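Here is a short note for someone opening this entry for the first time. Please read it with the structure in view.

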Amino acid sequence: MTAPTVTPTTSASAPTAGSGSPAVPAPTVAAPVRRRRRRPRVLVNVIAVAFCLVWVFPIYWMVNTAFKPSDEVTTLTPIWFPLRPTLENFTRALTQDGFLVYLRNSAIVVVSAVLLSIVVGFLASAALSRFRFRGRRAILVAILFVQMIPSGALLIPLFLSFQTLGLLNSYIGLILAYVASVLPFSIWVMRGFFVAVPVEIEEAAKVDGAGTFRILWSVLFPLVMPGVIATSVFAFIAAWNDYLTAYVMLKDQGMYTLPVWLAGFSTNKGTDFGGLMAASVLFSIPVVVFFLIVQRRLVSGMTAGAVKG
Amino acid sequence: MTSTAERVPGSAQAEPGTRRGGTGRFRPAGSASRGGRGPGRTPGRRSLTSSRAPLVLLAPAAILLLALVVYPLVRLLVISFQDYGLRAIFTGQAGFAGFSNYTNVLTDASFWPVILRTALVTGAMVIGTIGIGMAVSQMLTRLGVVMRTVVSVVLVLAWAMPNVASSLVWQWLFQPFYGVLNWLITQLGVFGDHTQDNWASTPGQALTIVLSLVIWQAVPFVALTLYAAQSQIAPEYYEAGSLDGASAWSMYRAITLPALVPTLLLVTILSVIWDFNVFNQIWLLTKGGPEDTTLTLGIWTFVQSFVSNAYGQGAAIAVISTLILGALTSYYIRRLVRSGEEDL
């Protein structure tokens, strides 16, 4: 058998299994288990092509519409490719609507919230993974529980408190609201990356006389760096995509983030679907790029935990 | 808030595996050794010992979480017992109302329909997602490298789309007169003329577009996760099966399914959490309408609090939703806590 990994018996009992770092890319796309049976491949390939056509269609239609001049957008019979491709939808979305203002708002709020959550979460996850102390377990269960709370539940009290504090319609208010949702999961995820680092490395540093914070900064931080980056990207996407919180907290159009502006686009502009699709493309690009970078790690992490069950 | 509930990789629930690393190949039924209990995971392997250090490290996070999560949750509970409306917002004073918010919500004519609808909609989303996800995962194992890569890229693209953007694309796909899917469905010739349909304002059709959007975007995560698990099953089992002359279907049932059970459980529970909390897609497509046919608990909470400004009642609904979701997922939390025992 030309299986890419070792035989099942040895690998399942291998002691290295538990300490495998999540940084190791898992065989999500490559390295399949080859099926020996050569059943007719035609049927399954036909199904796969049909599936791809259906699943990619909405994205294709978004991009297709974005590049069409307006008279090709609203036609009773669909036009499958832009006959006269144009960038006018993009320029209209970018210039007329203050796109850059909303982009700046989104960038400021999302980057601040992610930075704050990652720095604070890094320290906390170090404490929760590298130390033993009273109440640690309770804190972890609480952090896990917080993630199950429905979206709207935290929003009501936060909205009312921010109303009192005058934080509605401000960067700080929205940043804090995002920290409330991003921080718990950042702690949880980064703790996972910490736990995967073998303890012997720290012990070696300790023998060499390094102090607690020195070890944390010079030894552990570089090792969990890939995990920190992945967590930051997850956090970025979550905050970047948020619509509900920003929709509730922001009143001035000048303060809108991209999702709030995008969601109001069609109502403001009637049926400018060319512009709307162009704006959707622009909004989605950073997310898709970041997503492609971290997707493999996510799936590998998921299965490792699930299979262990 | 919304963010953790959304189907982005950041969703915290997705993590628990990360810390466990690769556990090697799955060994179906009867394998005695539970993967990954080697020396690397001995309990108490913590070298940094200092009594003050963890407190110092935890302090900033503790302050933020107490202020931004714990206090709001307590306040949510308090508000749910208060007469908190517009007047309270302006005066800053809210009188206690006892259980009246809860009795109002529970006796509201929409309460049971909303609960039932949320259950059915969530159930339909979860079943649709898991069913298609299992089929796609199985399909991936049978494809060659090129086709498998193509399908994976398509899946990741659909998964990565921000749901605000995909909701707007759905609006456009199903637009009356100009929507390309209205045209396509009409061309099929089976369903009659649908070119002029306004899906978002026709009761049954509104639900159809919401379900199709959510399932479209939810399938990739389930399919790729299940496929990753399936590719860990040792090929020897299938070889043995085919030597014994087992059919593809019976091998799927006897080898694949048992091996997938833990992963299936996990993705099912995560799907329940995510689908129960779907907000953006419904709000942007139908706003809960028409005639309340897409009004779920999440939308109802939002409408009561931020449209009708009845924050007390909104809070009561939010508390009830939290309890329901908690009951649905308590099994998952318990299992996570138990399986992570050696680390916790």
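**Notes on the helices and their packing**

1. Chain A has 13 helices and zero strands. The model is a predicted one. From the N terminus on, the elements of chain A read α-α-α-α-α-α-α-α-α-α-α-α-α.

2. Chain A has 309 residues, and 51% of them count as buried. Take the contacts in chain A with a separation of 6 or more: residues 24 or more positions apart account for 77% of them.

3. Look next at a helix pair within chain B. Helix α5 (residues 111-141) and helix α11 (residues 248-276) of chain B have axes that come within 10 Å and cross at roughly 145 degrees. The crossing of α5(B) past α11(B) is right-handed. On the α5(B) side, the contact is made by B:Thr118, B:Thr122, B:Met125, B:Val126, B:Thr129, B:Ile130 and B:Gln138. On the α11(B) side, B:Tyr252, B:Val267, B:Thr268, B:Ser271, B:Val272, B:Asp275 and B:Phe276 take part. Seven of the residues in this contact are nonpolar, six are polar and one is charged.

4. Now a pair that joins the two chains. Helix α7 (residues 151-165) of chain A packs with helix α13 (residues 297-307) of chain B at an angle of about 15 degrees, and their axes are 9 Å apart. Angles under 35 degrees count as roughly parallel, so α7(A) is roughly parallel to α13(B).

5. How is the crossing of α7(A) past α13(B) handed, left or right? It is left-handed. A:Ser151, A:Gly152 and A:Ile156 of α7(A) meet B:Gly298, B:Thr301, B:Phe302 and B:Ser305 of α13(B) in the contact. Two of these residues are nonpolar, five are polar and none is charged.

Terms used:
Residues numbered from 1 in each chain as written. Chains lettered and ligands numbered in written order. Predicted model: local features only at pLDDT ≥ 70, side-chain atom pairs only at ≥ 80, totals over all residues. Axes fitted to C-alpha atoms, helices over the stretch in contact; angles between N-to-C directions. Helix = DSSP H or I, 4+ residues; strand = E, 2+ residues; numbered from the N terminus. Left-handed = near helix turned anticlockwise from the far one by under 90°. Contact = placed C-beta atoms within 7 Å. Nonpolar A, V, L, I, M, F, W, Y, C, P; charged D, E, K, R; others polar. Parallel < 35°, antiparallel > 145°, perpendicular 65-115°, else oblique. Buried ≥ 20, exposed ≤ 12 C-beta atoms within 10 Å, placed from the backbone.
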